[in-house]
Amino acid sequence: MTVPTAELPGGDAMPVVGFGTGGLAGKELEDAVEEAIEAGYTRFDTAEGYGNEADLGRALEPYDREELFLASKVLPKNLDYESLIDACESSLDRLGTEYLDLYLIHWPNPTISLRESLAAMATLRDRGLVDNVGVSNFDAYGLSCARHVTDVPIAVDQIECHPWRQRPDVRDYCRKAGIVVDAAAPVARTEVFEDVVVRDLAESHDRAPSQIALKWAVENDVAVIPSSTDPTHIRENLDLFDWNLTDEDLERLEGLDRDRSVYTLSPTDWTDDTFGIPE
């Protein structure tokens with residue numbers, strides 16, 4: 001299956017549907033990756049914080065690296081210059097690759113200068129370790145700040161985005177700035193499957209509820225990284241491009257926006273080491 005691509009600012013092509021690996025590890029991840037590649041996925045998304053980079057590296061080892069688009073993310077605690085360089089090198093080592101197609105700041109960290117973080121990203125790009133620089137969980141204000149303090153193009157903003165949280169302000173900013181929006185939790189961690197409108201459209205189009213949510217995203221120029229371990233669902237999540245939602249369908253889905261988040265990282269919970277801020 002040929003998957004459409006989104007052009008990044010540097011000219012690279014990123015498949016609009018990728019395979020998310022958050023929450024997967026070990027043989028479960030390796031089996032899912034094998035199924036995904038057989039289905040036609042070539043983009044794989046991981047993160048330092050997922051703890052599965054080595055597993056993903058082993059799963060991808062048999063395949064041609066040049067045919068893959070590989071992305072990872074750096075933890076907020078590692079956003080100072082030296083730590084970010086070290087974190088990227090460690091991710092590359094765990095993944096068994098010489099470069100990343102995309103490297104993202106996983107969450108903004110208010111205790112570390114964004115200018116410093118992006119200077120490190122520029123160094124990684126200059127060294128050929130990273131082809132494209134991105135961010136994750138940045139709102140429009142954060143994106144504006146990031147673009148103001150670096151000459152390196154911000155290629156992608158990976159955010160929570162699904163029919164229940166459509167993020168029109170961020171999407172509009174990214175469209176004007178030439179930044180690709182990549183939807184994390186694009187099916188709201190399966191919660192939207194119970195939505196009456198989503199289920200009705202799935203029935204009328206003889207599709208799975210996940211396909212309705214994902215189709216809404218790609219029709220709105222939002223890339224997606226769904227995750228699954230079920231072979232049928234893995235294939236369904238990629239099967240989005242030979243059928244269409246009507247304008248009326250899309251209007252019904254747009255009416256579902258309630259700015260409802262299915263994941264949060266509490267700004268007052270510093271009990272883990274994600275941000276590296278001592279109590």
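How accessible is Asp239, in relative terms? At 22% relative accessibility, Asp239 counts as partly exposed (between buried, under 20% relative accessible area, and exposed, over 50%; 1.4 Å probe, protein chains only).

A quick note before the views: this is a predicted model, where local features need pLDDT of at least 70, side-chain atom pairs count only at pLDDT 80 or more, and totals for chains, interfaces and linings use all residues. Residues are numbered from 1 along each chain as its sequence is written, and side-chain values use heavy atoms, leaving out hydrogens and water.

**View 1. Asp239 meets Arg207 in a salt bridge, 3.0 Å from N to O.** A salt bridge here is a side-chain nitrogen of Lys or Arg within 4 Å of a carboxyl oxygen of Asp or Glu. Asp239 sits in the loop between helix H9 (231–236) and H10, Arg207 in the loop between H7 and helix H8 (209–219), 32 residues apart. Helices are DSSP runs (H or I, at least four residues), numbered from the N terminus. Arg207 is partly exposed too, at 22%.

**View 2. Arg252 pairs up with Asp200 at 2.9 Å, N to O.**

View 3. Lys215 is buried at 3%, whereas Glu219 is partly exposed at 35%.

Conventions. Helices (H or I, at least four residues) and strands (E, at least two) are DSSP runs, numbered from the N terminus.
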